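Visitor: Please take a close look at the aromatic rings and what surrounds them. Then go on to one helix contact.

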Amino acid sequence: MSAAADRMHQPDNQLVDLVFDYMRERLQYNPVPLDHPGDGEHLRTHLAGLLTEHGNDPGDVLKLYDHELSRAVISADSPRYLSFIPCAPTKAALLFDMVVSCASLQGISWLEAAGAIAAENQVLRLIADRAGFPASAGGTFVSGGSAGNLSALVVARDTARHRLGVGPEARLRIAVADQVHSSVKNTFNIIGVEAFVVPTVDRRFTGDALRAALAADPNPETVIAVVGTAGTTNEGIVDDLQGLSEVTRERGLWFHVDGAYGGAGLFAPSVRERYNGIEHADSFVVDPHKWLFAPFDCAALIYRNPQLARAVHTQDASYLDVLHTEGDEWNPTDYAYHLTRRARGLPLWFSLAVHGTQAYTDAIETGLKLAQDTAQLIRDTEHLELLHDPQLSAVCFRRTGWTHEDYYRWSRQLLADQIGFVTPTGWDGETVARFAFLHPGTTMEMVEEILATME
């Protein structure tokens, strides 16, 4: 082995000190600045020639990252980041994410990572309890809501095929609302099922609408599952989970709930009743990297009957036989489409253990109140119009008289001035404005400052 290759895996105190000093500084930002989108030509110029045969001084590489690369990234953990769905991880979660990375955990099996998996399962149990799932429920952490929805709906499809005694050639459909998340639509393309789209009333998927659509369809037996949403991405609407669950139980359909963004509201007493019916779901996804203050990438996927998922997702190979032995095992690889997997639930576990669940409840309630206060401010402002009373922490509104170009020009200027990151969205074909509140550090003063730029 060459001397250079040998050094790659040897302790380097200088490198450790450099990175730790940088991370310490980053963690102490209060508040975290937004920064700016990057210019491709500028970045390519600074990166040119970096990956050489003999490497570079670590201090120079870190300086390049600090001064150029990190400042061409809009920080999702800034309290002024109010677009899409932000990410506001706790400092405890961020720090423990470093611990997980340093540990090089292979989190696929009980054999390799029993301690890590036991801790992750403790968090999954906490979330399952909030949803009212039975003691037998279980699952795994995956990279995000897209991976969770895909993994769950593969189980729904294969369970239905087994129940109906049909093969891959059979036409199968899954009922969704016209407001369902794009990842669910993409999942259908991947797994070869069709969407049975049910129109919504006031953007909410209801049991009555589902029942009527099935009754009117000439082939309702081809519908095998229903996807309800606990917090639509654009408006934060929670579907009629109670009504949907009644229809699925009547017809023996798989019931999946996509709570990637809004599922964290299960921890908030002020809105908990809106989730009634979720306890009857067969599978459920919530992304802690959204409203449960974990780092990217972390999504909890939970099944009512995890053995059904295990029958679908367990990968068989001679080199994996050792993982499937008798005894007290729980292999996360058996409950989603993945094999290799980092123990991405551990930062959330550490933060919950450090701060306690009440702190999480308080932080989520802060976002909910901010949405309500913002909605009232919009109602009270003559040139602004609230488009939907917020159910969770998303607020959609219009500025009277503005065009598509006005919203985009306004959004770009907000970011350029570092006042806020607020991207436009669509509403029945119209361009409008939208706030997504998650960060407990976002204040009404920040909101007022942003709205003042729309005068």
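Guide: A charge counts as sitting over a ring if NZ of Lys or CZ of Arg is within 6 Å of the ring centre and within 35 degrees of the ring normal. The model is predicted. Arg-304 is another case. Its charged end sits over the ring of Phe-133, 5.5 Å from the centre.

Now ring against ring. Pairing needs centres within 6.5 Å. By this rule there are 13 aromatic pairs. One of them joins Tyr-261 and Trp-291. Their centres are 5.6 Å apart, with 25° between the planes. Planes under 30 degrees apart count as stacked, so this pair is stacked. Tyr-261 lies in the loop between strand 5 (254-258) and strand 6 (283-286), and Trp-291 in helix 11 (residues 288-291), so the pair ties together parts 30 residues apart in sequence. Buried or exposed, Tyr-261 and Trp-291? Both are buried. Elsewhere, Tyr-81, Phe-84 and Phe-421 form one aromatic cluster.

Next, the helix contact. Helix 7 (residues 145-164) packs against helix 12 (residues 306-313) at about 90°, with axes 9 Å apart. The two helices are therefore roughly perpendicular. Helix 7 contributes Ser-151, Val-154, Val-155, Asp-158 and Thr-159. Helix 12 contributes Leu-308, Ala-309, Val-312 and His-313. By class, the contact has five nonpolar, three polar and one charged residues.

Terms used: Residues numbered from 1 in each chain as written. Predicted model: local features only at pLDDT ≥ 70, side-chain atom pairs only at ≥ 80, totals over all residues. Heavy atoms only, no water. Phe/Tyr/Trp six-rings, centres within 6.5 Å; stacked < 30°, edge-to-face > 60°. Helix = DSSP H or I, 4+ residues; strand = E, 2+ residues; numbered from the N terminus. Buried < 20%, exposed > 50% of the residue type's maximum accessible area, 1.4 Å probe, protein only. Axes fitted to C-alpha atoms, helices over the stretch in contact; angles between N-to-C directions. Parallel < 35°, antiparallel > 145°, perpendicular 65-115°, else oblique. Contact = heavy atoms within 4.5 Å. Nonpolar A, V, L, I, M, F, W, Y, C, P; charged D, E, K, R; others polar.
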